[in-house]
Amino acid sequence: MDENQIMTTAGDGKSNSEPRIDRRKSPDLWRYTQIALALISWLLFLIALILSYYAAPDHDYGVLRYYGVEIRQFWLTPLTGYLYMLLWLSALGSYLALMTDKYRRRRRSDNTNYSLIFLLTVNLTWLVYILVKTH
């Protein structure tokens, strides 16, 4: 047996009586694509968080009312459009990364990307929230 090959027995989908050889040498192009999509999706999500701070209505604090500061009660339309686009792109990137992982992963021992599932869920929930609040 080659020194780079590792014997595995658990979680490979076969019986545990005979050891299996792990033939994976290094991450392939699909894995790098998945990592890039996930990183871009998280980066777009962080940019959307920052943008939402400026697009959302102001909070009505008592101090602001006391001093007579005008409080914006509506979403800023141009920024909300950009926010909506960023969230859709982030959701699309996380969905594509999940689909890449689904078709690439073949063993039971391969991990599920719960962070991408979480990101997709948060993006879609936030999109629905913005759609309901702005219309």
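The following legends describe an overview and several close-up views of a predicted model.

**Figure 1. Overall architecture of the predicted chain.** The chain contains 135 residues, of which 26% are buried. Its secondary structure consists of 4 helices and 2 strands, and the order of these elements from the N terminus is β-β-α-α-α-α. Among contacts with a separation of 6 or more, 63% involve residues 24 or more positions apart. The chain exposes about 10200 Å², and 62% of this area is supplied by carbon and sulfur atoms.

**Figure 2. The aromatic pair of Trp-42 and Phe-45 in helix α1.** In the whole structure, 5 aromatic pairs are found. One of them joins Trp-42 and Phe-45 in an edge-to-face arrangement, with 5.9 Å centre to centre and 90° between the planes. Both residues belong to helix α1, which spans residues 29-55; because they are 3 residues apart in this helix, about one helical turn separates Trp-42 from Phe-45.

**Figure 3. The aromatic pair of Tyr-66 and Tyr-67.** The rings of Tyr-66 and Tyr-67 also form an edge-to-face pair, with 5.0 Å centre to centre and 80° between the planes. Tyr-66 and Tyr-67 are both exposed.

**Figure 4. The aromatic cluster that includes Trp-126.** Trp-126 belongs to one aromatic cluster together with Trp-42 and Phe-45. Within this group, the Trp-42 and Phe-45 rings form the edge-to-face pair with 90° between the planes.

**Figure 5. Arg-72 over the ring of Phe-74.** Arg-72 lies over the face of the Phe-74 ring. The distance from Arg-72 to the ring centre of Phe-74 is 6.0 Å.

**Figure 6. A nonpolar surface patch that includes Tyr-82.** Six side chains are shown in this view: Tyr-82, Met-85, Leu-89, Leu-92, Tyr-95 and Leu-96 form a nonpolar patch on the surface. Together, the residues of the patch have about 580 Å² of accessible area. One of its members, Tyr-82, lies in helix α3, which covers residues 77-104.

Key:
Residues numbered from 1 in each chain as written. Predicted model: local features only at pLDDT ≥ 70, side-chain atom pairs only at ≥ 80, totals over all residues. Heavy atoms only, no water. Patch = residues over 30% accessible without salt bridge, like charges linked within 9 Å, V, L, I, M, F, W, Y side chains within 5 Å. Areas by Shrake-Rupley, 256 points an atom, 1.4 Å probe, with all protein chains shown as cover. Salt bridge = Lys/Arg side-chain N within 4 Å of Asp/Glu carboxyl O. Buried < 20%, exposed > 50% of the residue type's maximum accessible area, 1.4 Å probe, protein only. Contact = heavy atoms within 4.5 Å. Phe/Tyr/Trp six-rings, centres within 6.5 Å; stacked < 30°, edge-to-face > 60°. Lys NZ or Arg CZ within 6 Å of the ring centre and 35° of its normal.
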